[in-house]
Amino acid sequence: MGYRWDFSVVFAYGHFWLKGAGVTMAYALGTVLGGLMIGAVCGIALLYRRRWATFPIRAYVEVFRCTPLLVQIVWFYFALPIVLKVEMPAWLAAGLGLTLYMGAFATEIVRGGIISIDRGQWQAARALGMTYGELMRHIILPQAVRRMIPPLVNQSVIQLKNTALLYVVAVPDLMYTGSIVVADTFRPLEVYTSVAVMYFLILYPLTHWAKRLETRIEA
């Protein structure tokens, strides 16, 4: 006997889906902005040649890049409150994990963008008597930022998909909303198909825009 699809159960929870989509977008925007700020500071700090000063940043970047985000979110929610002896709500633990994860990747993107500028331009600016701040502000960063934008936009799109992991700590995003609807309706195929469609409708315009932006910058 064939399976009979029934998407009416999905439409019956319209207000829940809107709330879940709002939470997803809020986390994506907030953690991307926080991660970009971390990346800007840490990426520039990694240019400092003193190993003792850059070691903590490098350790942070490697830890967050080389461990699964799901493990990080779970650790922040369950283990960090024990370590710090403080209660940490799910929304804060998940947001902290996502922000630091984004920051680690943004750090490497910023560092890579800066060091990709030809060393001759650094030397020429020094020969003209520019200070380090003037060199970065007028010569290096304007060029480096153009090179950073495509990977930062792509990483931001990936970050939006990463918010699907929020459900493991019961943050009411799209995935968690889907799990609630499944528990109520016992229609997982319809519900998770609909969740996939919602993510696609959010992400496809962003990925298309990212490709157009990259083409424009390279032109």
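This short talk walks through the helix packing and the nonpolar cores of one predicted model.

Before the details, residues are numbered from 1 along each chain as its sequence is written, and side-chain values use heavy atoms, with hydrogens and water left out. Because the model is predicted, local features need pLDDT of at least 70 and side-chain atom pairs count only at pLDDT 80 or more, whereas totals for chains, interfaces and linings use all residues.

Let me start with the largest nonpolar core, where a core is a set of buried Ala, Val, Leu, Ile, Met, Phe, Trp, Tyr and Cys residues joined through side-chain atoms within 4.5 Å, and buried means under 20% relative accessible area, with a 1.4 Å probe and protein chains only. It has 17 residues, and Trp-17, Leu-160, Val-191, Val-195 and Tyr-199 touch the most other members. At least two residues each come from α1, α2, α8, α9 and α10, helices here being DSSP runs of H or I, at least four residues long, numbered from the N terminus. The most is given by α10, with five residues.

Leu-160, setting aside residues up to four places away in sequence, touches Thr-24, Met-25, Ala-28, Tyr-199, Ile-202, Leu-203 and Leu-206, where contact means heavy atoms within 4.5 Å. Thr-24 lies in α2 and counts as buried because its relative accessibility is 0%; beyond its neighbours within four places in sequence, its contacts are Leu-160, Thr-163, Asp-173, Leu-174 and Tyr-199.

Now to α3, residues 51-65. Its 15 residues should span 21 Å at 1.5 Å a residue, and the end C-alpha atoms are 20 Å apart, which agrees; the expected span is 1.5 Å times one less than the number of residues. Thr-54, Ile-57, Tyr-60, Val-61 and Phe-64 of α3 are buried, and what covers the buried residues of this helix includes α2, α4 and α6.

How do the axes of α3 and α6 cross, and at roughly what angle? They come within 9 Å and cross at roughly 115 degrees, the axes being lines fitted to C-alpha atoms over the stretch in contact, with angles from 0 to 180 degrees between N-to-C directions.

Finally, α6 and α8 pack at about 145 degrees with their axes 8 Å apart. Among the residues making that contact are Phe-105 and Ala-106 of α6 and Met-136 and Ala-144 of α8.

Conventions. Buried means under 20% relative accessible area, exposed over 50%, partly exposed in between (1.4 Å probe, protein chains only).
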